[in-house]
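Please look over the model shown here before reading on, and keep it in view while the paragraphs below lead you from one residue out to the whole assembly.

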There are 2 protein chains.
Amino acid sequence: MARSDDRVPEGQAMPRMSDVAAVAGVSLGTVSNALNHPDRLSPATLKRIRRVIQELGFVRNGAAQSLARGISTTIGFVIIDLSNSFFLDMSRGAEQAAAEAGFALILANSDMDMARQDTHLDLFDQQRTAGVLLAPLPGLFSGLERARQHGQPLVLLNAAPQTSDHCAVLAHNEHGGYLAARHLIEQGCRQLAFCGNIDALPPIRQRYSGAARAVAETNGAVRLELIPTCEVQVGDGVKVGRQVIERETAWRPDGVIAGADLLAAGIVQTVLSQSDLRFPQDVAIIGYDDNRSAWNALIPLSTLAQPGLEMGRLAAQLLIEEITGRQGHRHRQIVLEPQLVVRDSSRRRG
Amino acid sequence: MARSDDRVPEGQAMPRMSDVAAVAGVSLGTVSNALNHPDRLSPATLKRIRRVIQELGFVRNGAAQSLARGISTTIGFVIIDLSNSFFLDMSRGAEQAAAEAGFALILANSDMDMARQDTHLDLFDQQRTAGVLLAPLPGLFSGLERARQHGQPLVLLNAAPQTSDHCAVLAHNEHGGYLAARHLIEQGCRQLAFCGNIDALPPIRQRYSGAARAVAETNGAVRLELIPTCEVQVGDGVKVGRQVIERETAWRPDGVIAGADLLAAGIVQTVLSQSDLRFPQDVAIIGYDDNRSAWNALIPLSTLAQPGLEMGRLAAQLLIEEITGRQGHRHRQIVLEPQLVVRDSSRRRG
DNA sequence: TTGAAAGCGTTACCAA
DNA sequence: TTGGTAACGCTTTCAA
């Protein structure tokens, strides 16, 4: 190793508290107090120390700080898919709530990849972030239990907890599916189709259940069929669109509930460009998510808006409550209702 | 303070290296070596230590590690706007490259807000991340100089460096604008319009310059007008669309270059739904960015695809090169070419 | 191959 | 109000 004094370092070495103390002519502890308990200092020394901090461009070493304090002030958010505006909204809400409580929020994108999700959970575990927000991929993952076992506070977003030892914030998907179906029924639809991959994605399955409940309530006046898809992307919608076009009129659904907006977008686009069928006259369609990627479709898409921002806010608040251990935090789950947004794609009256 | 032994902690206290050492019956340094220099241990003790680590669920304290090592292994990416797929792609590329080099990447979303950008830069500065990737908002910001002044390695993405003491990875916007205009001219357009807010956004201004260059090369055979917008979102496109519709035929552009895809999407949507004009016959249009939000438009949009993934990769590689100081790193700028993607919105022949 | 001990830059305590 | 000093959990010498 080169001795530290035998050459000039490339960047300016970062000043430490002891440097500030030396220049200001006070002790180390006093500088620390200037930062953490300014009220304990005489105005004169406080002012002097602050000036020196400015001059030297001193910035606290966060690693040392959280080591000494035994607690960090940063929250990590491991997020399933940032390209989905629903989840991005969660991060916005979480960041707001975190900032209000004096915490910083950093993001790690799993990008629909289980291995990366685990890597990121482990990363935050190592970094000893104050806590972790997790919007998980469906399925089992090992990182969660590892994190929990280390006692790291963790709040689950948009997924039901597998065990009851942490908080969770969920959207009421079943109810959303119910609202979607009821809406189409009220618009006069009698032959509904639900599309989505209900096997792989629990939220989609719940939406389907809700739709089925609404249909059941009609005592047979309305029928519901399931059109399974591979995923819920635009491309899957294109395939569904072709299926719908090819059906004989009698077998064609007059109301479609898409498990997600992108799916709906694919359907609309395909049906409009490859047939004479029109929305909402021939087919009414409603999506799910209020995904911004679907906003600029030619036919404004009815949908169920998920309260992403609010979910993020609440999750962060729960997490911070657990971190700060206020009032002997009890784990709980919060379920938020989605909101029906009626646009042209399903509006037949009014 | 409660003594540590007078009550059971709520979560499991996280085991430390000394705990591992005690259980394994070795010294602390040996455990450290087991983690960092496994080759220095006898197979037997190594195995024993690893087993204890497993049993105890020990995870290194990253804060302590980077404090002791004096260097972190995490890179921070302060990103202007995660809802734009161009920037999200950058983060994907950056994460890939970082992972390949053994670094972790964490994200902080500025969400088009200068104050948050500065907050995030300061956060990473405090945390002493190994380095910072920054896709900045246009305009001056204070966080950059603060970070640089502390000697933190930083690479700028999609913005020209204000000073020359750091690397940057840029897209060649001027060339992209040129390609867009040339393409429309080749499709037979003679009256071009460029829309965008060239005053506020340097990249947009450069695209306009490129378009102007292509037009100038025609020696007057083609005309170019500028339609200024407020921003470059769908809503701005709607306004432009209305303007275009209202024009008398002689004054209507037959080729439109939108400064961004979302802008183009707004124009297409408005013109299609509120007039009889058709793309590309009456008006050819081309966007910029290859934004996924515009993929599900009814008319597939021609565009200039930005190499976001590649930009992110390169930026991370430059940053890591600077961090590890390999071969006396020299700062440099890399400029990547956008790629013309011709889709239906502008294809008049072939 | 293993152990002991000196940092790393803070915080928080107790004395002064 | 200030100064001194022992942690915090790890890495990294240097000895054994």
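**From one residue to the assembly**

A:Phe279 is buried, because 23 other C-beta atoms lie within 10 Å (a residue counts as buried if 20 or more other C-beta atoms lie within 10 Å of its own, as exposed if 12 or fewer do, and as partly exposed in between, with C-beta atoms placed from the backbone). The model is a predicted one, in which local features need pLDDT of at least 70 and side-chain atom pairs count only at pLDDT 80 or more, while totals for chains, interfaces and linings use all residues. Residues are numbered from 1 along each chain as its sequence is written, and chains are lettered from A and ligands numbered from 1 in the order in which they are written.

To find A:Phe279, look at the loop between helix H11 (261-274) and strand S9 (284-286) of chain A, where helices (H or I, at least four residues) and strands (E, at least two) are DSSP runs numbered from the N terminus. Leaving aside residues up to four places away in sequence, A:Phe279 touches A:Val268, A:Ala284, A:Ile285, A:Ile299 and A:Ser345; here two residues are in contact if their C-beta atoms, placed from the backbone, lie within 7 Å. By contrast, A:Gly139 is 140 residues away along the chain, and its C-alpha atom is separated from that of A:Phe279 by 36 Å.

The bond that follows deserves attention too. Most residues other than glycine have a negative phi, and most peptide bonds are trans. A:Phe279 and A:Pro280, however, are joined by a cis peptide bond with omega of about 0°, and A:Pro280 lies in the loop between H11 and S9 of chain A. In chain B, a cis peptide bond with omega of about -5° joins B:Phe279 and B:Pro280, and B:Pro280 is placed in the loop between H11 and strand S9 (284-286) of that chain.

Which residues have a positive phi without being glycine? One of them is A:Arg128, with a phi of about 55°, found in the loop between helix H6 (114-127) and strand S3 (131-135) of chain A. A:Arg128 is buried, since 22 other C-beta atoms lie within 10 Å. Another is B:Asn158, with a positive phi of about 60°, in the loop between strand S4 (154-157) and strand S5 (167-171) of chain B; B:Asn158 is also buried, with 22 other C-beta atoms within 10 Å.

Now step back to chain A as a whole, which contains 12 helices and 12 strands. Buried residues make up 47% of its 350 residues, and among contacts between residues at least 6 apart in sequence, 72% join residues at least 24 apart. The radius of gyration of chain A is 27 Å, whereas a compact globule of 350 residues would have one near 20 Å (the radius is taken over C-alpha atoms, and the globule rule is 2.2 Å times the number of residues to the power 0.38). Its C-alpha atoms fill a box of roughly 90 × 45 × 40 Å along the principal axes. The domain assignment gives domain 1 (17-60), domain 2 (73-170 + 308-336) and domain 3 (173-306), with bounds that come from an automatic or database assignment. The C-alpha centres of domain 1 and domain 2 of chain A lie 36 Å apart.

How are the two chains arranged? Chain B can be laid on chain A by a turn of 180° and a shift of 0.0 Å along the axis, with an RMSD of 0.1 Å, when copies are superposed by least squares on the C-alpha atoms of residues with pLDDT of at least 70 in both. The two copies are thus related as by a two-fold rotation axis. Where they meet, 45 residues of chain B are in contact with 45 residues of chain A. On the chain B side, the elements giving two or more residues are H4, helix H5 (85-100), strand S2 (104-109), helix H6 (114-127) and helix H11 (261-274). Because 100% of the interface residues of chain B are also interface residues in chain A, the copies meet through the same surface.

Finally, turn to the DNA. Of the 27 residues around DNA strand C, A:Met17, A:Gly29, A:Asn61, A:Ala68 and B:Gly29 come nearest, a residue being near a strand if its C-beta atom, placed from the backbone, lies within 6 Å of it. Helix H2 (28-36) and helix H4 (62-69) of both chain A and chain B give two or more residues to this surface. Around DNA strand D there are 29 residues, of which A:Ser27, A:Gly29, B:Met17, B:Gly29 and B:Ala68 come nearest, and the largest share of that surface, six residues, comes from H2(B).
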